[in-house]
Amino acid sequence: MQEKILHLKSEIEAFEIINAEKLELFKNEFTTRKSKVALLFDELKNVPNDQKRSIGQELNHLKQLAQTKYEENLAIIEQKSESDKSINEIDLSLPLPNSNGARHPLTMVRERMIEIFSRLGFALGEGPEIEDDWHNFTALNFPPNHPAREMQDTFFIERNPDIALRTHTSSIQIRVMESNKPPIKALAPGRVFRNEAISARAHCVFHQLEGFYIDENVSFLDLKNALYHFVKEMFGQDINIRFRPSFFPFTEPSAEIDISCLICKGKGCNVCKHSGWVEIGGAGMIDPQVLENCSIDSKKYTGYAFGMGIERIAMLKYQIKDLRLFTENDLRFLKQFDSL
Ligand code: DAH
């Protein structure tokens, strides 16, 4: 009898209860009225009288052991099924409170710029970010080894001097002119890359919006009118604009576009370096050689072009002092734009 008790004890101890089915099995084998433990109790009547007491005690311990094991595992399994239930109850399609996404300030500014110009009849053009020398430089009148190339520090691809990350969206001018016939009136927004150290005022990746118009009799006045319209729409009617003579290889004459400083209203401050003016981009009449490079008859057609930094426009519009904020994804910065 004692042997049977020991045997059953080790059986109870070794029984692994890993799930609800095993628990049910354990219950039937060791704790119910027809269980192995109960059957041993039935045999107690055959035990000699002088041993009945001690064997009875051992049997009681055995019964207790099985009962405790059953109850402990019942509690564990019930708890587990509760938490399983709550996992299953998560509704992944339920919108979170205050979880509305927001557009990035650069996206908003780009879309606004495109909207303003598209009302003047500009269509959208595009080109690749990895560009060849012809489209980024040569066709735009940057001759090989010409110092003008150094205006833009370039990232080349794997030591191949012919392939680079585009340094400006002017490359898209060439792509659009090569594959269309005038009249062409197009915008080209995009990401551009320059090998520059990152600071509050410079970044190696930024965005530009290029615009150009080629037709018969397009003049510098048309360029001025388009940009005049743009700055008033973008920054308000009080803004002033001026064209400062400059140099770009692909335009002749060339100008830099300045607007009156929004921060000091032209009185002079740190942002405008006390000049009352801030630069927003470059512009000019497309050099006839550039038109010819794209098989456009420069005797018949003339064109203007402009290029603006989207970060620069956004910084002026929202008075952002550090360019790095646009790429750091700090929610404290981004959240300020979610109601705009
Ligand atoms: N591509 C010039 C730059 O990134 C900007 C520019 C100047 C674009 C004059 C133009 C232009 O279209 O006419 O510095």
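**Figure 1. The largest cavity of the predicted model, with about 40 Å³ of space inside.** A search of the whole structure for cavities of 30 Å³ or more finds 1. The residues that line the largest cavity are Leu106, His203, Val205, Phe206, His207, Glu311, Leu323, Phe326 and Thr327. Strand 6 and helix 11 (325-328) are the elements that each give two or more residues to this lining, and the largest share, 3 residues, comes from strand 6. By residue class, the lining of the largest cavity divides into 5 nonpolar, 3 polar and 1 charged.

**Figure 2. The largest pocket, with a volume of about 1200 Å³.** Of the 50 residues that line the largest pocket, those closest to its centre are Glu279, Ile280, Gly281, Gly309 and Arg312. Two or more residues of the lining are given by each of helix 7 (170-179), strand 6 (205-215), strand 7 (241-248), strand 8 (251-260), strand 9 (277-286), strand 10 (302-309) and helix 10 (310-318); among these elements, strand 9 gives the most, with 8 residues. The lining of the largest pocket is made up of 22 nonpolar, 15 polar and 13 charged residues.

**Figure 3. Helix 10 and the residue that follows it.** The buried residues of helix 10 are Ile310, Glu311, Ile313, Ala314, Met315 and Leu316, and one of them, Glu311, also belongs to the lining of the largest cavity. Helix 10 is followed by Gln319, which has a positive phi, near 55 degrees.

Figure 4. A polar atom in the side chain of Ser170 lies 2.9 Å from a nitrogen atom of the ligand, while an N or O atom in the side chain of Gln208 is 2.9 Å from an oxygen atom of the ligand.

**Figure 5. An open sheet of 3 strands, in the order 2-4-3, with antiparallel pairing.** Strand 2 (130-132) and strand 3 (156-157) each have a single partner strand and stand at the edges, so one side of each is left without a neighbour in the sheet. Strand 2 and strand 4 (residues 160-165) run antiparallel and are joined by 3 bridges; Glu131, for example, has Ala164 in strand 4 as its bridge partner.

Conventions. Residues numbered from 1 in each chain as written. Predicted model: local features only at pLDDT ≥ 70, side-chain atom pairs only at ≥ 80, totals over all residues. Heavy atoms only, no water. Pairing = 2+ DSSP bridges. Helix = DSSP H or I, 4+ residues; strand = E, 2+ residues; numbered from the N terminus. 1 Å grid on protein atoms, 1.4 Å probe; cavity = no way out; pocket = protein on both sides within 12 Å on 5 of 7 lines; lining within 4 Å. Points joined across faces, edges and corners; volume = space filled by probe spheres on them. Nonpolar A, V, L, I, M, F, W, Y, C, P; charged D, E, K, R; others polar. Buried < 20%, exposed > 50% of the residue type's maximum accessible area, 1.4 Å probe, protein only. Polar contact = N/O pair within 3.5 Å; in protein donor to acceptor, adjacent residues only side chain to side chain.
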